[in-house]
Amino acid sequence: MQAEVLVHSGNVYMVLAVLSFSSIGAVAKLADLKNSRPSTINLLLYLSSFLVLVVVALVSHSAASPQIVKLLALPFGVCSALAILALQTALRYGNISTSWLAINLSAGIPTVGSILLYHERLNLRKSCALLLIVVALALLWKDKKMEGTPSR
Amino acid sequence: MLVAFVTNGIGPFGLKVLTEKHLDRYESQYLIFWYLGGLLLALLAFGFRNLRFSRWEILLGTAMGFGSLGGQFFTGKALAAGIPGHIAFPITTGGSLFLVALAGILVFKERVGPYGLAGLVIGILSLIVLSLG
């Protein structure tokens, strides 16, 4: 009975996670429609998230960590902010539906990194997924190219 | 979009490095500095040329921040509640892609050609397969 309740609450959390992640894409499009500056949106996104996490860490007394954790996190955080900034800027020239997909397809990069750097085994599922990512990117590129071609 | 694609792919890889170095118990502390790194880049890009924020910018920028944190928080809670990773990750990734594509087409009235639609279907499928590992 307790396990059933736990899995049920897990389903609710999963729906909330989907809605949270989706809100980033939808709000990014809305920000573009409202002529918001990409650099301002990016700044407020990271400022609000950082402040919330700092407050949580201070309240729960869990801010201490080895130096290596901090040094590791900073450059990857920089990369992520650069991605959001580039996406927000790119939205001026493209759709959110295809841009959001394109940015999410980059999930293949950590997989390739894990295979190259940590010699993770490339199983059939991963191989198929990486192949499908390439096909999807090619289709999106073709779609973008067709968009620029005048119809006869 | 190429910059967004490459940097967005590199961004989460730090968590893999953290795990490989057996430091994954510091994940929440890692996230603080991950967002701090993002904040530093954002401050640099902002440049302080125009310090006036519109009401929409404050509302939407903060909403995106909460969306980002909420997504990570609720995924973690779902996993902690016993939902296996091979179910949680495909649903959160595929679900958010589907909803954003749907919002783009139905709410924002975006026009997506046949190649784009095919790309969307194959792309969502590829990420579901990738999440299944």
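Leaving aside its neighbours within four places in sequence, which residues is A:Leu87 in contact with? They are A:Ala28, A:Ser99, A:Ile103 and B:Ala4, where contact means that two C-beta atoms, placed from the backbone, lie within 7 Å.

Some ground rules come before the rest. This is a predicted model, in which local features need pLDDT of at least 70 and side-chain atom pairs count only at pLDDT 80 or more, while totals for chains, interfaces and linings use all residues. Residues are numbered from 1 along each chain as its sequence is written, and chains are lettered from A and ligands numbered from 1 in the order in which they are written.

Chain A has 6 helices and 0 strands. Helices (H or I, at least four residues) and strands (E, at least two) are DSSP runs, numbered from the N terminus. Read from that end, the elements of chain A are α-α-α-α-α-α. The C-alpha trace of chain A spans about 65 × 45 × 40 Å along its principal axes. Its radius of gyration is 20 Å, whereas a compact globule of 152 residues would have one near 15 Å; the radius is taken over C-alpha atoms, and the globule rule is 2.2 Å times the number of residues to the power 0.38.

Of the 152 residues in chain A, 49% are buried. A residue is buried if 20 or more other C-beta atoms lie within 10 Å of its own, exposed if 12 or fewer, and partly exposed in between. Among the contacts in chain A with a separation of 6 or more, 73% join residues 24 or more positions apart.

A:Leu87 also belongs to the largest nonpolar core, which has 80 residues. Such a core is a set of buried Ala, Val, Leu, Ile, Met, Phe, Trp, Tyr and Cys residues joined through C-beta atoms within 7 Å. The residues with the most contacts inside this core are A:Val27, A:Leu87 and B:Tyr35. Helix 3 of chain A provides the largest share of the core, 14 residues.

Now to the place where the chains meet. The contact takes 98 residues from chain A and 92 residues from chain B. On the side of chain B that touches chain A, helix 1, helix 2, helix 3 (27-46), helix 4 (55-80), helix 5 and helix 6 (114-132) each supply at least two residues. Helix 4 of chain B gives the most, with 19 residues. By type, this side of chain B divides into 57 nonpolar, 30 polar and 5 charged residues. Here Ala, Val, Leu, Ile, Met, Phe, Trp, Tyr, Cys and Pro count as nonpolar, Asp, Glu, Lys and Arg as charged, and the others, Gly among them, as polar.

Helix 1 of chain B (residues 2-10) has as its buried residues B:Ala4, B:Phe5, B:Thr7, B:Asn8, B:Gly9 and B:Ile10. What covers them includes helix 3 (67-90), helix 4 (96-104) and helix 5 (108-118) of chain A, together with helix 2 (13-20) of chain B.

Another meeting of the chains is a pair of helices. Two packed helices are described by the angle between their axes and the distance between the axes. For helix 4 of chain A and helix 6 of chain B, the angle is about 35° and the axes are 10 Å apart; axes are lines fitted to C-alpha atoms, for helices over the stretch in contact, and angles run from 0 to 180 degrees between N-to-C directions. From helix 4 of chain A, the contact is made by A:Ser97, A:Thr98, A:Leu101 and A:Asn104, and from helix 6 of chain B by B:Gly116, B:Gly119, B:Leu120, B:Gly123 and B:Leu127. These residues divide into 3 nonpolar, 6 polar and no charged.

B:Phe98 and B:Leu120 are 22 residues apart in sequence, and their C-alpha atoms are 8.4 Å apart in space. B:Phe98 is partly exposed because 16 other C-beta atoms lie within 10 Å. B:Pro90 lies in helix 5 of chain B too, and B:Pro90 is partly exposed because it has 19 other C-beta atoms within 10 Å.

Two loop residues remain. A:Asn35 is in the loop between helix 1 (2-33) and helix 2 (38-59) of chain A, and its phi is near 55°, a positive value in a residue other than glycine. A:Asn35 counts as exposed because it has 10 C-beta neighbours inside 10 Å. B:Lys109, in the loop between helix 5 and helix 6 of chain B, has a positive phi of about 55° although it is not a glycine.
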